[in-house]
Every structure is written in C-alpha cells, then in structure tokens.
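Thanks for coming. Please look at the sequence and the model on the screen, and then we will go through some charged pairs and the core.

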Amino acid sequence: MIKVNRRAYLEHTTPEAIFATLSDPNGIAKLLPRMQKVDLLDRDDVNCKARLVTHMSLGGIFGTIRCEGDLTWVEPREILFKVRTPVPVETRWVLTSAVNGADIQATMTLDLTPMLGPMAAFVPTQQVAEILAAELDAALKAITNKMRDSGLRERAVAA
C-alpha cells in the first residue's frame with residue numbers, strides 16, 4: 001500500500017467554498033492534472049453517495065484509462081473517492097475551518113497488489129509515491145488558484 005498526504009491552508013475562503021469546487025463534476029476535471037473527463041453514473045443526495053467514472057490520462061503507451069468508483073461525502077467537511085477498477089485508489093479530501101481561511105488535508109492511497117499480485121513487491125514505491133504527491137500538489141495549487149481568483153472576482157463585483 002502506497003500512501004501520500006498533503007496539506008494546504010487557503011486564506012480568505014471557507015470549507016463550503018472548497019467543497020463546492022471539489023464536488024463540481026464539470027470543474028474537477030480542470031483541477032486534477034491527469035483527469036480528462038468525469039461521468040456521473042448514479043447520484044443519491046439523500047445518502048450522500050454517487051458512482052463515477054473518471055478518464056485519467058497516463059500518457060505514453062497507457063493513454064487514457066477508465067476508472068470506476070464510489071464517491072461519498074459529508075458536506076462541507078469531507079469528500080472520499082474510492083476507485084475499484086482498474087486498481088484500488090482512495091482519495092480523501094478533509095476540509096476544516098481555520099483562522100481567516102480553511103485547511104485542506106488530502107490523502108491518496110494506492111494498492112497495486114490486486115492488479116500485480118506478488119509482483120507489486122517489486123514496484124519502486126518511492127517513485128510511485130512521488131507521482132501521487134505531484135498529483136495532489138498540482139490539485140492543491142489549482143484549488144488555491146481557483147479560490148483566489150474567485151475571491152478576486154467577488155471583491156471586484158462588490159466594489
């Protein structure tokens with residue numbers, strides 16, 4: 001199991017605003033570097049869950065892969081996406097209020113054993129962890145920029 005944690009503090013925003021950004025199926029593809037498209041298969045707002053398909057660009061010989069999984073949420077505090085196929089990946093976003101802003105805790109775990117079996121022991125986990133960390137870092141930077149740009153637009157309209 002490979003696990004990566006990242007954290008960011010965003011000034012002048014709220015967990016609610018970040019949650020709205022992360023839960024927008026059309027906008028999330030613009031925030032995550034490898035995500036090309038999101039398809040919503042089923043949504044149950046009463047039980048706070050949905051089934052999603054994401055199309056992730058891996059580049060090279062891998063091209064774009066289809067990832068199917070379950071999305072659950074606790075508005076406005078947490079979003080969890082568990083990919084079932086082709087490989088188990090769990091991405092969790094935890095949002096909390098902070099002084100004059102909000103904190104984001106992002107965690108991504110990847111289990112290569114179901115796909116690779118005993119060969120998973122030979123995967124260079126440090127390099128894979130660095131790739132996952134770069135994905136989370138890029139997503140946090142994109143979210144930060146979106147929140148900053150949104151705040152600038154709101155202040156300009158209010159002026």
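Is Asp-70 buried, partly exposed or exposed? Asp-70 is partly exposed, at a relative accessible area of 30%; buried means under 20%, exposed over 50%, and partly exposed in between, with a 1.4 Å probe and protein chains only.

Before going on, the sources. This is a predicted model, where local features need pLDDT of at least 70 and side-chain atom pairs count only at pLDDT 80 or more, while totals for chains, interfaces and linings use all residues. Residues are numbered from 1 along each chain as its sequence is written, and side-chain values use heavy atoms, leaving out hydrogens and water.

Now the partner of Asp-70. Its side chain meets that of Arg-84 in a salt bridge at 2.6 Å, N to O; the term means a side-chain nitrogen of Lys or Arg within 4 Å of a carboxyl oxygen of Asp or Glu. Asp-70 lies in strand E4 and Arg-84 in strand E5, so the pair ties together parts 14 residues apart in sequence. Strands are DSSP runs of E, at least two residues, and helices are runs of H or I, at least four, numbered from the N terminus.

Arg-84 also forms a salt bridge with Glu-68, at 3.2 Å. Glu-68 is buried, at 16%, whereas Arg-84 is partly exposed, at 40%. Arg-51, Arg-66, Glu-68, Asp-70 and Arg-84 are linked in a network of salt bridges.

Last, the core. The largest nonpolar core has 43 residues: buried Ala, Val, Leu, Ile, Met, Phe, Trp, Tyr and Cys joined through side-chain atoms within 4.5 Å. Helix H4, residues 125–158, gives the largest share, nine residues.
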